[in-house]
Amino acid sequence: MGARAQYVVVEGGAWQRYYSHWGAGRVVTDLLPGPAAATRCFRANEQTDTWLDGTWCEGAALVDHDRQVLLWFTFADSWSDHAAARTALARTWPGWDVRFAHDGIGDLTHHLGLGRGLTRPPGPAETSDPFWYVDDEDTEPWSVVSLRLPDGSVRAWGSGREPYEHLTGGPGLIDLLGTSPASAVPTDMPLGGVHFDPAARTVSLWAVQTVVGVHDWPLPGWEGWTLDFHGDDHTRQAGLLPAAFPLPLPPLPVALRRLGKGLGTPPPDPGKILALATAGAEAASIVVNPAALVPHEPVAPTQAELAGLRAALDSLVAAAAAG
């Protein structure tokens, strides 16, 4: 149990890793006050000589002071939460190259010159049989799938699967799409999308979450196809979708305001979280990882840093509300 996070700080030609058992959900919160505050926060955590793998690491950040690069990832509850975080970090890390680490820990190890596969199991990527299912009542899809037909028109569907999952079964999915019934039109912005163009033998992908292994193209079955990965940029696919199937962009002010809630407040006590999670369980059946009892205790930003962050968020909210 926990939301494990890995941090890396690079400074003066050297780098050091840090670990938090509960920090993944606070990666954005800890980054928001800027480079100095984030560095103090991460260095206050436990030093470690090991890497978390993609199974256990739910959030991470690499702060490279030498090259002024920030790499980060964590799970966002919605497209607007991710977009708000990206917008705010661009403001509070001026002069830095701020990037979402779509390849997870692989992006961090690649930045350090260690390759992308350091924390992944050896061997080829997992594959599956082509699979497709339409829920004609689901208006809040996880992803949007679109296909260019032989006549040049485009069809689109909402899907409950992550964008990258649609690629694990190979091009056989395209045959299933060709005979698929329509899905409901989305009323909520998806977390990603994938577009297939069989004539051009091109797959386009975007996501506001990690897509671990995205750089290991081609996946089995996709030899001879090109992958255009657009990061978290949805506009390429949005421009291809039928007029009757638009991506419903939510306004950002609400998500930006959420970022400002709880600034400067300490994270919850993990002991209380564990007590709630194990309530009613037999004592003999409870096994607790000792690391789960170590709270995530970030060094709080200074009052000046908090004031600067609040001013930046207020400015962004006003700009987003004005259109």
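I noted a right-handed crossing where helix 3 passes helix 9. The model I am reading is predicted.

Next I took helix 3 with helix 7 (residues 253-260). Their packing angle is about 65°, and the axes lie 8 Å apart.

I then searched the whole structure for salt bridges and got 12. One of them joins the side chains of arginine 26 and aspartate 30, at 3.5 Å from N to O. Buried means under 20% relative accessible area. Arginine 26 therefore counts as buried at 17%, and aspartate 30 is buried at 6%.

Aspartate 97 forms a salt bridge with arginine 99, with the closest N and O atoms 2.8 Å apart. I have aspartate 97 as partly exposed at 35% and arginine 99 as partly exposed at 34%.

I also checked aspartate 216 and arginine 120, whose side chains meet in a salt bridge of 3.0 Å, N to O. This pair links distant parts of the chain, 96 residues apart. Salt bridges with shared partners join Asp103, Asp107, Arg116, Arg120 and Asp216 into one network.

Last, I found a nonpolar surface patch of about 260 Å², made by Trp15, Leu114 and Leu118. Leucine 114 sits in the loop between helix 4 (105-111) and strand 7 (143-148), and is partly exposed at 37% relative accessible area.

Terms used. Residues are numbered from 1 along each chain as its sequence is written. This is a predicted model: local features need pLDDT of at least 70, side-chain atom pairs count only at pLDDT 80 or more; totals for chains, interfaces and linings use all residues. Side-chain values use heavy atoms; hydrogens and water are left out. Patches are made of residues with over 30% relative accessible area and no salt bridge: like charges are joined within 9 Å, nonpolar side chains (Val, Leu, Ile, Met, Phe, Trp, Tyr) within 5 Å. Accessible areas come from the Shrake-Rupley method with a 1.4 Å probe; for residues, only the protein chains shown count as cover. A salt bridge is a side-chain nitrogen of Lys or Arg within 4 Å of a carboxyl oxygen of Asp or Glu. Helices (H or I, at least four residues) and strands (E, at least two) are DSSP runs, numbered from the N terminus. Buried means under 20% relative accessible area, exposed over 50%, partly exposed in between (1.4 Å probe, protein chains only). A crossing is left-handed if the near helix is turned anticlockwise from the far one by less than a right angle, and right-handed if clockwise. Axes are lines fitted to C-alpha atoms, for helices over the stretch in contact, and angles run from 0 to 180 degrees between N-to-C directions.
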